[in-house]
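Q: Hi! Could you walk me through this structure while I have it open?

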Amino acid sequence: MEKNIRLKENERVDDLEFKGLKIIQNKEGFCFGIDSILLSDFAKNIKKGAKVLDLGTGTGIIATLLCGKTELSEITGIEVQEEVYDMAKRSIQLNHLEDRFKIIQDNILNLNKYFEKNTFDAIVTNPPYKKKETGIQNEDTRKLISRHEIEASIEDFVKISKEMLKDKGEFYIVYRPERLVDLLSIMRKNKIEPKKIRFVYSNIQAVSKLVLVQGVKNAKPFLKLEPNLYIYDEKGNYTDEISKIYHKK
């Protein structure tokens with residue numbers, strides 16, 4: 001394997017089928033899903049030379065894809081789980097992204113130890129969707145932390161983003177529609193004005209399970225609803241847009 005990157009028990013290397021990029025994952029832990037893929041595409045217009053922050057980077061899937069999709073100068077990921085952080089760090093080495101993708105192992109609540117306020121041009125995040133102690137809680141600690149607000153709440157993610165973003169900096173998030181009102185109210189409270197919303201559906205007959213939101217710090221109110229994004233067509237195949245996102249077309 002390139003650069004002699006070691007794999008630990010239950011780990012595998014997944015080919016992202018885009019510019020030769022790969023990601024290390026643990027098949028027994030929490031693997032990335034389509035939500036991260038869609039967020040990386042939603043944020044692909046991040047401006048050239050941007051300094052970007054990825055809150056709760058996980059195995060680094062969003063940051064890795066953005067390194068391929070955009071001309072950002074540097075992206076920093078922060079991940080609280082040491083095991084997951086270690087996988088992301090080795091993926092950075094595997095993809096030769098050491099000059100563009102940095103990573104910190106810590107809670108997002110401690111970001112002020114590493115950066116001054118108003119440092120970043122853009123922030124991306126795929127935060128835990130579920131409130132603490134709600135819903136079915138997975139016994140695997142890694143999955144529990146990834147899905148539930150154990151280490152930080154959505155209020156924390158947005159508040160930190162407000163502090164870290166430059167004036168007119170962009171905030172990109174993938175979230176669940178049932179908590180959209182909470183998200184939008186928290187964003188506005190923290191001076192991150194919602195500017196674009198796009199609902200994601202499995203197919204034309206399904207209810208939305210994901211929503212993509214872009215906000216801008218200290219922007220004037222004006223919200224644009226983007227066209228709905230459908231994952232599957234009536235035959236159960238990927239739609240043309242999803243095929244393009246996955247670079248199948």
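A: Happy to. Let's start with strand β3, residues 51–55, where strands are DSSP E runs of at least two residues and helices H or I runs of at least four, numbered from the N terminus. Of the 5 residues in β3, 4 are buried, meaning under 20% relative accessible area with a 1.4 Å probe, protein chains only. This is a predicted model, so local features need pLDDT of at least 70 and side-chain atom pairs 80 or more, while totals for chains, interfaces and linings use all residues. Residues are numbered from 1 along each chain as its sequence is written, and side-chain values use heavy atoms, without hydrogens and water.

Q: Which strand is joined to β3 by 5 bridges?
A: That's β4, residues 74–79, and the two run parallel. Strands count as paired when DSSP finds at least two bridges between them. L55 has I78 in β4 as its bridge partner.

Q: And how does the chain cross from β3 to β4?
A: Through helix α2, residues 61–69, in a right-handed β-α-β crossover: the path runs clockwise with the strands pointing away from the viewer.

Q: What about β6, how many bridges join β3 to it?
A: There are 4, again with parallel strands; β6 covers residues 120–125. V52 is partnered with A122 there.

Q: New topic: which helix gives the most to the lining of the second largest pocket?
A: α1, with 3 residues. The lining divides into 6 nonpolar, 2 polar and 6 charged residues.

Key: Nonpolar A, V, L, I, M, F, W, Y, C, P; charged D, E, K, R; others polar. Buried < 20%, exposed > 50% of the residue type's maximum accessible area, 1.4 Å probe, protein only.
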